[in-house]
Amino acid sequence: MTDRMLDVASEVAGTVLEISAAPGAVLAEGDQIMVLESMKMEIPVLAETAGRLAEVLAAEGDPVAEGQVLARIAA
Amino acid sequence: MSAPDLKPAPAARPAGFGTERPSMRELLAALEADRAAMRDEARPAAVARQRDRAEHTARERIAMLVDPGSFREFGELAREAGEPAGEKPGDGVVAGAAKVEGRPVNVVAQDFTVMGGSSGEIGSRKMQQALRRSVREGAPLALLLDGGGHRIQIGQNSRRYAPSTGLFQDLARLSGWAPMCAAMLGAGFAAPTNFSGLADLVTMVRGQSFMGLAGPALVKAGTGEDIDAQTLGGAEAQVDRNGIADLGCADEAEAIGALRRFLGYLPTNAGQPAPVREAPPEDPARDEALLDLVPSNTRRAYDMRKVVNLIADPDSVFELKPTYARNVLTSFARIRGRPVGIVANQPMSMGGMLTGPACDKAARFVSMCDAFGLPLVYLIDVPGFSIGSAAEKGQLGRRSAKLIQELGHATVPRVSVVLRKGYGLGYVAMAGGRSFEADAAYAWPTAEICAMSIEGAVQVVNARKLAAAEDPDAMRAGLIAAMRAEVTPFGGAEGFGLDDIIDPRKTRACIAETLERAPARRDIGMPPKFRAITPI
């Protein structure tokens, strides 16, 4: 069975402060993938489902828009 | 393929008007034969078809919801003129009175195996009967929905459709009087969605249920939009993104079990007290855990869910809409056995700021708690409302007013605790300080209470000075530090805007003791108006 690819989108506009997980990492639901900075706060981006982190589509320092896909998880 | 269902023998019903009248026993046997023809056992083919598309039949679903042996069906024999027994049992609706945890409810289950669960005349009248009984008895209504919309065969006829039905007026009358809950267990486009529009809780089964005003076929015919049922109205859409249903469940047992659990926090009707359970033993280790959950650094996120769980009795938290507007948490819970509604900002999502969906979610929750007499507990860590063009386009100016509107009309006890940020109108809309005459207004030592974000205020006030500064960053840091010293909870407590600054470990006890003393309802000094006007 092929993996289902799930997009992880940014819920806010902001800047990528830190990448916390590398592609290939095995994630449990709720694991942190990266941290954004927005409105002077650190906003964690979490895995909504368990799976393998297939792609990270942003780098530290990148500005991101609301709804932008930041990573993909193969679940 | 299973064999077609056996039709009941035509001789089952006694002739009635012969020279010899049938005896009572013969009449009862005929009655029992009629009843038997309605049951699942007499309809193996229909049951098999249902199992191909869902887990349980209408009658099985009712059995999953209600206390064993408590179901008293009404309209079991009702059917359209000329229909043989068992052909379209109950006209597609199974309805009756029952009990959940020993308390009365009325139940309606749509039967998809009969004309796709579409609403026929008799079936609709049975549903209305359940609804009217709920209004009259002051008893909750539970809907187990799985059906189509209006039965097209009879609806496209003005003689039949023009009189309409009082069903929707009754739904509006029941709203806020007795709890109303609905499980969407399969087909839910059109009528089931209309029925559940006023329900206080709606659950769905992920991957199986869908709901919405119109299904894919009608959407395609009307607008040309090509979309499948799950994408249009599955739980991912209607629970997670649109928030018109509350819970996406793994299976029917979970979706129906959630209705039972929901009713367990609520009174039978608005005139009765909510059911209180025995208080569990206090566990100091849980209080102790509160000490290290919230970082004092306001940039840092943490999971407010953990705070809610520790303040409530163990395993008593029932979160509503957990996957929608995650930036605010709305949960039923118990504190020392007594049901409460907890509204809490969630810094893990969007920093906990209040957005339009969060306002809708929290305002509706507050109105439900107020309707059914559940005290409100506010856990505040709010950076404010969202700002910018998207927020304005989403009418946040009015949607935020819903929080004010609901809280301003609430008569239940309320307690507020500022854990960290209490900024701007968000602080007010979360019942901070004296804004809505909280029975007690507390803050943790980590609280910051002020009109807007500190960084934002420093920038706006000192824009020119900062632009001209030799080292603007150093200057900004100094200004921020100076302002931060002005917003601690100590000033708030000194000015008596707060009742106290409390040790986080005492939070549960402070809330419990306040609520134990507070009267169930308060006179809020409302002027002699007839009703409030909703801001949106």
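**Note on the two-chain model**

1. In β7(A), A:Pro63 is the bridge partner of A:Thr15. This is a predicted model. The pairing behind that bridge is between strand β2 (residues 14–19) of chain A and β7(A). These two strands run in the antiparallel sense, over two bridges.

2. The sheet around this pair is open and has four strands. Its order in chain A is β5-β4-β2-β7, with antiparallel pairing. Which strands stand at the edges? They are β5 (41–46) and β7 (63–64) of chain A. Each has a single partner strand, so one side of each lacks a neighbour in the sheet.

3. Chain A also has an open four-stranded sheet in the order β1-β8-β6-β3. Pairing here is antiparallel. The edges are taken by β1 (5–9) and β3 (26–27) of chain A. Each pairs with a single strand, so one side of each is left without a neighbour in the sheet.

4. Within that order, look at strand β6 (residues 51–56) and strand β8 (residues 69–74) of chain A. They run antiparallel and are joined by four bridges.

5. Now chain B. It has 23 helices and 17 strands. Its C-alpha atoms fill a box of roughly 110 × 55 × 50 Å along the principal axes. Of its 536 residues, 44% are buried. Take the contacts in chain B between residues at least 6 apart in sequence: 73% of them join residues at least 24 apart.

6. One helix pair in chain B deserves a look. Helix α15 (residues 356–371) of chain B packs against helix α17 (residues 396–409) of chain B at an angle of about 20°. Their axes are 9 Å apart. How are the two helices oriented, roughly parallel or roughly antiparallel? With angles under 35 degrees counted as roughly parallel, α15(B) and α17(B) are therefore roughly parallel to each other. Their crossing is left-handed.

7. Which residues meet there? From α15(B) come B:Gly356, B:Cys359, B:Asp360, B:Ala362, B:Ala363, B:Val366, B:Ser367 and B:Asp370. From α17(B) come B:Leu396, B:Arg399, B:Ser400, B:Lys402, B:Leu403, B:Glu406 and B:Leu407. By class, the contact of α15(B) with α17(B) holds seven nonpolar, three polar and five charged residues.

8. Last, the contact between the chains. On the chain B side, 11 residues are in contact with nine residues of chain A. The side of chain B that touches chain A divides into five nonpolar, three polar and three charged residues.

Key. Residues are numbered from 1 along each chain as its sequence is written. Chains are lettered from A and ligands numbered from 1 in the order in which they are written. This is a predicted model: local features need pLDDT of at least 70, side-chain atom pairs count only at pLDDT 80 or more; totals for chains, interfaces and linings use all residues. A residue is buried if 20 or more other C-beta atoms lie within 10 Å of its own, exposed if 12 or fewer, and partly exposed in between; C-beta atoms are placed from the backbone. Two residues are in contact if their C-beta atoms, placed from the backbone, lie within 7 Å. Ala, Val, Leu, Ile, Met, Phe, Trp, Tyr, Cys and Pro count as nonpolar, Asp, Glu, Lys and Arg as charged, and the others, Gly among them, as polar. Axes are lines fitted to C-alpha atoms, for helices over the stretch in contact, and angles run from 0 to 180 degrees between N-to-C directions. Angles under 35 degrees count as roughly parallel, over 145 as roughly antiparallel, 65 to 115 as roughly perpendicular and the rest as oblique. A crossing is left-handed if the near helix is turned anticlockwise from the far one by less than a right angle, and right-handed if clockwise. Two strands pair if DSSP finds at least two bridges between them.
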